[in-house]
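This report goes through a few local features of one protein model. Please keep the sequence and the 3D view open while reading.

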Amino acid sequence: MEMWIRIMHSFFCNTLGKAGEPVELAKRESDHLFKTLRAAPGDTVELLDGRGGRALATVQPGRVLLTVSREQVPEPETGLLLYTAVPRKAKFDTLLKQAAELGVREIRLLLCERSVAAPEGSDRWETLLQEGCKQSGNPFLPKIAPPVKLAAALAEFSGTGYFGAVENPGAEAPRPAAGNVAWFVGPEGGFTAAEEEAMARANIHALNLGPYVLRLETAAVCGLAVLRRMITEARR
């Protein structure tokens, strides 16, 4: 299918089914569709399974959803990864949704020298990621990996990596090579000089985002957007 027209709202559905088959939403999604949005027979919705599957379904009498068409979106060749220290809870909630909107493949939580917030796993994280995917139409649900210290993250990463820097404004970071592209974001207060030196030794490149100091969540979103553009330009 060359063009996918988003007609109504998007919902997560673990099993999309084939064209002509009924599908069942989880209670939270079903309540949102029928109780909050008051969907009526004939309405069309988009369904995502978080694994690249995307379908159109129509509402039938009796609150039944019937699959009309389905496609499998190929996974992008270049994976956009986010290695980030953890901000305060409310800000992290927003960051998760924005990362999903920007098409991040995986989020790896970092433990840095200046970290002030400890990562606390939450059942809400997947819900927030789903909301970001539904907002943007991203068919791939990002994964969240367990927290690691920066040194371990540098040892495990393979690809082209970048971190934010306000120095050397005239320096131009290299374009992403084939493979994964990662954005490293430090805690409030930034990476220490020793951490920046460690990243430089690991060929993680400084990427200038301007002359001003950004908050963690701002730096995360800005950097991801810049890398998304760089990835797109590298494919041309």
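## About the model

This is a predicted model, in which local features need pLDDT of at least 70 and side-chain atom pairs count only at pLDDT 80 or more, while totals for chains, interfaces and linings use all residues. Residues are numbered from 1 along each chain as its sequence is written, and side-chain values use heavy atoms, with hydrogens and water left out.

Helices (H or I, at least four residues) and strands (E, at least two) are DSSP runs, numbered from the N terminus.

## Helix α1

Helix α1 spans residues 27-36, and Glu 29, Leu 33 and Phe 34 in this helix are buried. Buried means under 20% relative accessible area, exposed means over 50%, and partly exposed lies in between (1.4 Å probe, protein chains only). The buried residues of α1 fall within an arc of 105° when seen down the axis, so they line one face of the helix. The arc is that of the directions from the helix axis to the C-beta atoms.

Lys 27, Lys 35 and Thr 36 are exposed on the other side of α1. The cover over the buried residues of α1 includes strands β1 (10-12), β3 (44-48), β4 (53-60) and β5 (64-72), as well as helix α3 (124-136). Arg 38, which follows α1, has a positive phi near 55°.

## Strands around β5

Two strands pair if DSSP finds at least two bridges between them. Strand β2 (residues 22-23) pairs with β5 in the antiparallel sense over two bridges, and Val 23 has Leu 65 in β5 as its bridge partner.

β4 and β5 also run antiparallel, joined by eight bridges. Gln 60 stands opposite Val 64 in β5. The two strands β4 and β5 form a hairpin with three residues between them, and Gly 62 in the turn has a positive phi of about 80°.

## Gly 103

Gly 103 lies in the loop between α2 (89-101) and β7 (106-111). With a relative accessible area of 23%, Gly 103 is partly exposed. Leaving aside residues up to four places away in sequence, Gly 103 touches Leu 80, Asn 138 and Arg 228, where contact means heavy atoms within 4.5 Å.

## Cysteines

How many disulfides does a search of the whole structure find? The search finds zero, a disulfide being a pair of cysteine sulfur atoms within 2.5 Å. For Cys 13, the nearest cysteine sulfur is that of Cys 133, 15 Å away. Cys 13 counts as buried, at 3% relative accessibility.

For Cys 222, the nearest cysteine sulfur is that of Cys 112, 19 Å away. Cys 222 counts as partly exposed, at 34% relative accessibility.
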